[in-house]
Amino acid sequence: MPRNRDDNMKRFADLHLRVPLEDPSKAESMIQKASELGYNLVGIPLPPHHTREEISQLRHICSEAKVDFATRVNFSPRTPNELLQSLRRFRRKFEIVAVRCHTKDVARQAAKDRRVDILQFSVTNLRKRFFDEAEAELASQALSSLEIELAPILQLTSFSRVRLLSSLRREAATAERAKVPITLSSGATDEHFMRGPRDYAALTTLFDLPMSSALRALSETPWVTVERNRKKLSADYVAPGIHVVGRKTGD
Amino acid sequence: MALEVVNEQTLNEQTVMDAVQASVHRLFGEYGASKANLKLTKTLPEKRQFVIRCSHKALEQVRAAIASTTAINGKNATIQVLGVSGTLKALSKKTRNI
């Protein structure tokens, strides 16, 4: 059947695999597991002042596991100005920029800034989830997507999970209405909380995200983000829609 | 649905089935569990693999419940879905080693 064939050809991505950088053997086993589960791309968060050795080590582990690697940075600014400063300093050093919004001002600034790829909100303090209609409207006009991490759904229990699912249901509906892309990622810090892409897609039924949207959030949306940023970071990029196709060497 | 249990303890099929049932019950309640219609079909305990059947209408709910299982008998465990199919024959083709 064409639908199944299409599903099988999907390239899945986990843009938030929180591997411990200080423990290379655990990092290796987590990346290996991501590959076994069917992911083709992993985004690994790095500290803003990372070393080249850290990157080359992760790149080596990922190439051994036959999985693509994207560098990611998570900002947790306290003020919009702090966010702007961080973006100015580090945007060109990472393929993915995610902003964890702790205040409404930061959330609004992050949503309208085209340098921000991913908007994240607290999973424990639900009062700090600022993804409402206004935030969605701003995000839909920029390039940012709403990130939903799925490991917390596995980690939380009873009433805290119920409240999180309730918030996610409201936010997913808002994002779908405003056509803000959703990115699903694991946010896993341990192999124990890693699941295959189709299992994560099934988990999204708990907050009423349609299966087609869930699969898109695990494949097309993260890949589009990473490929767009790779183009922008390449030496051939000039401006949106303009890039160098060839260089004439001197006579 | 072919499943593989990843953990460090030895488990029998009834323990795994109980864990899946409990997870469906926890997430979807008695009404959801009654619609899932879960049954154990085949076991390969040496490979920690199990085949269960469920209503195709409740497939995504059962899959979500299986994915949300993080412990069996109070110890860390993960249940992975190896494959899903409508018949045992197609499932064995899909997953090869079942």
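I count two residues as in contact if their C-beta atoms, placed from the backbone, lie within 7 Å. I keep in mind that this is a predicted model.

**Entry 1: helix α3 of chain A**

With that cut-off in hand, I asked what the buried residues of α3(A) pack against. I found α2 (24-37), β2 (39-45) and β3 (68-75) of chain A.

Next I looked up which residues of α3(A) are buried. They are L58(A), I61(A) and C62(A). I then checked how they sit around the helix: they cover an arc of only 100 degrees around the axis, which puts them on the same side of α3(A). A handy reminder for my notes is that an α-helix has 3.6 residues a turn, so residues three or four places apart point the same way.

I turned to the other side of α3(A), where R52(A), E53(A), S56(A), S63(A) and E64(A) are exposed.

I also checked the length. Helix α3(A) runs over residues 52-64, which makes 13 residues. From first C-alpha to last it reaches 18 Å, close to the 18 Å expected at 1.5 Å a residue. Just after the helix, I noted that K66(A) takes a positive phi of about 60 degrees.

**Entry 2: chain A as a whole**

I stepped back and found eleven helices and nine strands in chain A. Its radius of gyration is 18 Å, close to the 18 Å that the globule rule gives for 251 residues, so chain A is as compact as a globular protein of that length. The C-alpha trace spans about 70 × 45 × 40 Å along its principal axes.

How much of chain A counts as buried? I read 41% of its 251 residues. I also looked at contacts between residues at least 6 apart in sequence, and 73% of these join residues at least 24 apart.

**Entry 3: a sheet in chain B**

In chain B I traced an open sheet of five strands, in the order β2-β3-β1-β5-β4, with antiparallel pairing. Strands β2 (39-44) and β4 (71-72) stand at the edges with a single partner strand each, so one side of each is left without a neighbour in the sheet.

I followed one pair in detail: six bridges join β1 (residues 2-7) to β5 (residues 75-83) of chain B, and these two run antiparallel. Within that pair, I found N7(B) bridged to A77(B) in β5(B).

**Entry 4: where the chains touch**

Finally, I looked up the contact, which takes ten residues from chain A and twelve residues from chain B. On the chain A side, helix α9 (residues 197-203) gives the largest share, three residues. I sorted that side into five nonpolar, three polar and two charged residues.

Terms used:
Residues are numbered from 1 along each chain as its sequence is written. Chains are lettered from A and ligands numbered from 1 in the order in which they are written. This is a predicted model: local features need pLDDT of at least 70, side-chain atom pairs count only at pLDDT 80 or more; totals for chains, interfaces and linings use all residues. Two strands pair if DSSP finds at least two bridges between them. Helices (H or I, at least four residues) and strands (E, at least two) are DSSP runs, numbered from the N terminus. The expected span of a helix is 1.5 Å times one less than its number of residues. A residue is buried if 20 or more other C-beta atoms lie within 10 Å of its own, exposed if 12 or fewer, and partly exposed in between; C-beta atoms are placed from the backbone. The arc is that of the directions from the helix axis to the C-beta atoms. The radius of gyration is taken over C-alpha atoms; the globule rule is 2.2 Å times the number of residues to the power 0.38. Ala, Val, Leu, Ile, Met, Phe, Trp, Tyr, Cys and Pro count as nonpolar, Asp, Glu, Lys and Arg as charged, and the others, Gly among them, as polar.
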